[in-house]
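Welcome! Please take a moment to look over the sequence and the 3D structure shown here, and then follow the briefing below.

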Amino acid sequence: RMRIAARAVASSSPPSIARRVARREACGRVDCARGVGVGGRRMATTTAMVLAASSSSSSSSAPETAGAWTRAALTLAPKARGAYIMTTRVERALGEALRRCHTGVVVVTLRGSGANGCALTVNENADPDVRLDLMDAIDAIVGDVDGGGALDGAVRSMLVGTSLAVPVLGGSLALGTWQGLYLCAFIDGESACECVVTLQDYGDDARARRGAIPAPGRGCHLVSAAQLPTPKCAAPKTGVATIFIQHTSASLTINENADPTVRVDLENAMNRIVPESWHETMFRHVEEGPDDMSAHVKATLITPSVRVPISNGGFAMGTWQGVYLNEHRSVGGMGRGHTRDVVVAFDAPTSTVAQKTIHVSAGKRGLQDITGAIKGAFDADELRAVDIGTVHCFIKHTSASISLGAAGEDFEDAFESALNRIVPEMWNDEFFKHTYEGPDDMPGHVKSTLVGASVDLPVIDGEIVVDEECRRVYLCEHRNVGGFGCGLTRSLTLTLQGASRDA
């Protein structure tokens with residue numbers, strides 16, 4: 001009966017709806033507990049979507065260690081386009097090193113050409129319809145990309161993100177009850193995606209703490225330092241703090257800490273980008289009300305975690321930056337109401353090898369390749385001290401972003417074009433309140449939340465790994481005239497962390 005109804009709807013619907021109906025008819029339910037995923041275009045079977053440890057579609061190498069650091073390499077090869085739960089794969093790759101870790105952080109970064117069609121996120125680990133709906137929503141948000149094909153997947157990849165940090169508590173990833181790590185594959189057909197998993201073991205239970213922070217209502221809320229749960233130990237003099245939210249219908253971001261209308265406008269913009277009308281026209285995960293599935297999509301478009309550099313023992317954000325809790329539901333989280341649980345983790349004092357501030361210029365609005373500037377920021381001796389580690393790259397502005405994406409001018413133009421369609425400047429006249437800095441300013445704030453303020457790059461045997469033949473680190477300049485008081489020159493804090501095998 002469902003197939004007959006689907007064909008009837010498809011035959012009388014616009015092409016875009018007909019395609020979604022056809023995809024749903026082709027996509028069955030699968031057991032999420034086995035580490036599988038659903039969703040995406042032109043899927044013929046569900047058996048092709050298993051991402052199990054014993055499958056030939058995935059492999060991992062034995063983890064390597066250096067001091068308190070462990071690195072594992074995964075190769076994941078989803079056989080079809082869709083969203084896949086990969087939590088178990090990451091935990092098994094780290095093995096005993098993760099089980100021994102009382103507190104720490106795991107950084108997962110995609111690399112290689114396959115990363116240009118894949119992304120990482122955290123979302124619901126229970127109902128497989130969430131993964132189907134998420135893929136459909138991303139298709140609707142991005143739309144058709146100029147050039148299609150590989151560019152289509154690459155734009156979606158950079159929008160969702162290809163690096164992710166999750167704290168560790170008590171020997172396991174500090175995910176919430178309903179959270180799972182996702183690999184989103186945006187390319188049709190089987191394609192291998194390499195994944196670097198880096199664990200930093202803090203070695204001290206006092207370096208991370210979980211607690212509840214208020215979410216007084218739907219919207220974007222500036223979080224003060226006093227509201228965050230504070231680890232029992234002091235923050236290191238230099239390092240990185242990780243703040244992670246344990247929910248799938250709320251998110252964290254970094255944006256302006258001054259004008260409160262920015263937060264109002266950001267909430268209204270996200271409601272335009274992910275309209276609740278999709279509850280009736282697109283979504284299948286509808287049991288918890290019209291604001292639920294749209295909240296899941298917003299949580300993936302933004303992020304569950306923010307990583308902030310620590311300098312002189314405190315958060316080293318830009319002058320105008322603050323941490324936002326974005327409550328995407330009118331009634332709060334399932335069983336929680338108007339509070340949300342977060343985990344705050346501080347690095348160990350010996351984690352950081354060097355911390356640098358660099359200044360880069362986009363020259364114009366759009367994407368600027370800054371890979372060389374980042375790789376050239378540290379001298380040879382500093383890099384030689386790190387066999388296993390990461391470089392945390394943080395931009396200290398609220399109308400520019402930093403991210404990893406595909407190499408090439410075609411991609412740079414396609415991503416900028418897609419971002420301008422997703423957040424059009426006409427919203428400045430239609431409903432934005434934060435308008436006194438020009439028509440590109442508030443759209444720039446929204447874009448910076450979508451793309452992100454930081455990215456983590458793996459360091460392997462003294463080399464910052466970017467895979468420059470196919471990948472780049474980009475400064476995403478969202479304004480024609482640059483930032484307030486700094487023009488087109490943007491400041492980044494780079495934190496090199498890790499250990500040598502000889503240490």
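Contact means heavy atoms within 4.5 Å. Helices (H or I, at least four residues) and strands (E, at least two) are DSSP runs, numbered from the N terminus. This is a predicted model, in which local features need pLDDT of at least 70 and side-chain atom pairs count only at pLDDT 80 or more, while totals for chains, interfaces and linings use all residues. Residues are numbered from 1 along each chain as its sequence is written, and side-chain values use heavy atoms, with hydrogens and water left out.

**Two helices that pack**

- Two packed helices are described by the angle between their axes and the distance between the axes.
- Here, helix 5 (residues 129-142) packs against helix 6 (residues 149-160) at an angle of about 105°, and their axes are 11 Å apart.
- That makes helix 5 roughly perpendicular to helix 6; angles of 65 to 115 degrees count as roughly perpendicular, under 35 as roughly parallel, over 145 as roughly antiparallel and the rest as oblique.
- The axes are lines fitted to C-alpha atoms, for helices over the stretch in contact, and angles run from 0 to 180 degrees between N-to-C directions.
- Which residues meet? From helix 5 come I138, D139 and V142, and from helix 6 come V155, R156, L159 and V160.
- Sorted by class, this contact of helix 5 with helix 6 has five nonpolar, no polar and two charged residues.
- In that sorting, Ala, Val, Leu, Ile, Met, Phe, Trp, Tyr, Cys and Pro count as nonpolar, Asp, Glu, Lys and Arg as charged, and the others, Gly among them, as polar.

- Six of the eight residues of strand 4 (residues 69-76) are buried, so strand 4 is largely enclosed by the rest of the structure.
- Buried means under 20% relative accessible area, exposed means over 50%, and partly exposed lies in between (1.4 Å probe, protein chains only).
- Strand 4 pairs with strand 3 (residues 64-66) in the antiparallel sense over three bridges; two strands pair if DSSP finds at least two bridges between them.
- Within this pairing, T65 stands opposite T70 in strand 4.
- Strands 3 and 4 form a hairpin with two residues between them, and G67 in the turn has a positive phi of about 60°.
- Strand 4 is also joined to strand 11 (residues 193-201), running antiparallel, by eight bridges.
- There, R71 has T198 in strand 11 as its bridge partner.

- Five strands form an open sheet in the order 12-19-14-16-17, with antiparallel pairing.
- Its edge strands are strand 12 (208-214) and strand 17 (314-315), each of which pairs on one side only.
- Strand 16 (residues 305-311) and strand 17 run antiparallel and are joined by two bridges.
- The bridge partner of I310 is F315 in strand 17.

- Is T121 buried or exposed? T121, in strand 7 (residues 118-124), counts as buried at 2% relative accessibility.
- The T121 side chain makes a polar contact with the side chain of T300 (2.9 Å).
- A polar contact is a pair of N or O atoms within 3.5 Å; within protein, one must be able to donate a hydrogen and the other to accept it, and residues adjacent in sequence count only if both atoms are side-chain atoms.
- G372 sits in helix 10 (residues 371-375) and is exposed, with a relative accessible area of 53%.
- T230, in the loop between strand 13 (219-223) and strand 14 (238-245), counts as partly exposed at 43% relative accessibility.
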